[in-house]
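My notes follow in the order I looked things up.

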Amino acid sequence: MASTHDHGPTNEECADFLERIMRLIDNELEEGDCAVVRAHIDTCNPCLERYDLQRTVKALVARSCSEKAPVELRDRVRVRIQEIQVRITET
Ligand SMILES: [Zn+2]
């Protein structure tokens, strides 16, 4: 009765997915895994947020190779990532 199983993924699952989300962005995931991760992102708002954030960072980093990305912006993004990762590992 007290089951929260239908309430969505657990934090543990999401922490596990975060690693695969990063690899998905890096195109290092196998096709089968990609489908699993994408399906999770589709149903999990926090992970979608992380996915978007990671992609933003990637784009920022890539851009900063050719032109100088504003340091202030980069720092702000980095702080947000740390906040999110702390939230995942501590809850
Ligand atoms: Zn998730």
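**Helix pair first.** I began with the contacts between two helices: F17, R20, I21 and L24 in α1 meet D33, C34, V37 and H40 in α2. I call two residues in contact if their C-beta atoms, placed from the backbone, lie within 7 Å. Helices (H or I, at least four residues) are DSSP runs, numbered from the N terminus, and strands are E runs of at least two.

**Ground rules.** The model is predicted, so I noted the limits: local features need pLDDT of at least 70, side-chain atom pairs count only at pLDDT 80 or more, and totals for chains, interfaces and linings use all residues. Numbering starts from 1 along each chain as its sequence is written.

**Geometry of the pair.** Two packed helices are described by the angle between their axes and the distance between the axes. I read an angle of about 115 degrees for α1 and α2, with the axes 10 Å apart. The axes are lines fitted to C-alpha atoms, for helices over the stretch in contact, and angles run from 0 to 180 degrees between N-to-C directions. The crossing of α1 past α2 is left-handed; that term applies if the near helix is turned anticlockwise from the far one by less than a right angle.

**Whole chain.** I counted four helices and zero strands in the protein chain. Buried residues make up 11% of its 91 residues. Buried takes 20 or more other C-beta atoms within 10 Å of a residue's own; exposed takes 12 or fewer, and partly exposed is in between. Of the contacts between residues at least 6 apart in sequence, 57% join residues at least 24 apart.

**α1 in detail.** This helix has 15 residues and reaches 21 Å from its first C-alpha to its last, close to the 21 Å expected at 1.5 Å a residue. The expected span is 1.5 Å times one less than the number of residues. Its buried residues are F17, L18, I21 and L24.

**F17.** Why does F17 count as buried? It has 22 C-beta neighbours inside 10 Å. Leaving aside neighbours within four places in sequence, F17 contacts V37, H40 and C47. I also checked F17 against I41: they are 24 residues apart along the chain, and their C-alpha atoms are separated by 8.9 Å.

**The core.** The largest nonpolar core holds eight residues: F17, L18, I21, L24, V37, I41, C47 and Y51. Elements giving two or more residues to this core are α1, α2 and α3 (45-66). The most come from α1, with four residues. Such a core is a set of buried Ala, Val, Leu, Ile, Met, Phe, Trp, Tyr and Cys residues joined through C-beta atoms within 7 Å.

**N27.** Next I looked at the loop between α1 (11-25) and α2 (31-43), where N27 lies. Just after α1, N27 takes a positive phi of about 60 degrees. N27 is exposed, with 7 other C-beta atoms within 10 Å.

**α4.** Helix α4 (residues 71-90) reaches 28 Å over its 20 residues, from first C-alpha to last. The count of buried residues in α4 is zero.

**Record check.** An unreviewed UniProt entry places "domain: Putative zinc-finger" at residues 14-47. UniProt positions are in the numbering used here, feature names are shortened, and annotations may be inferred rather than shown by experiment. In the model, the end C-alpha atoms of residues 14-47 lie 7 Å apart, and the span is 82% helix and 0% strand.
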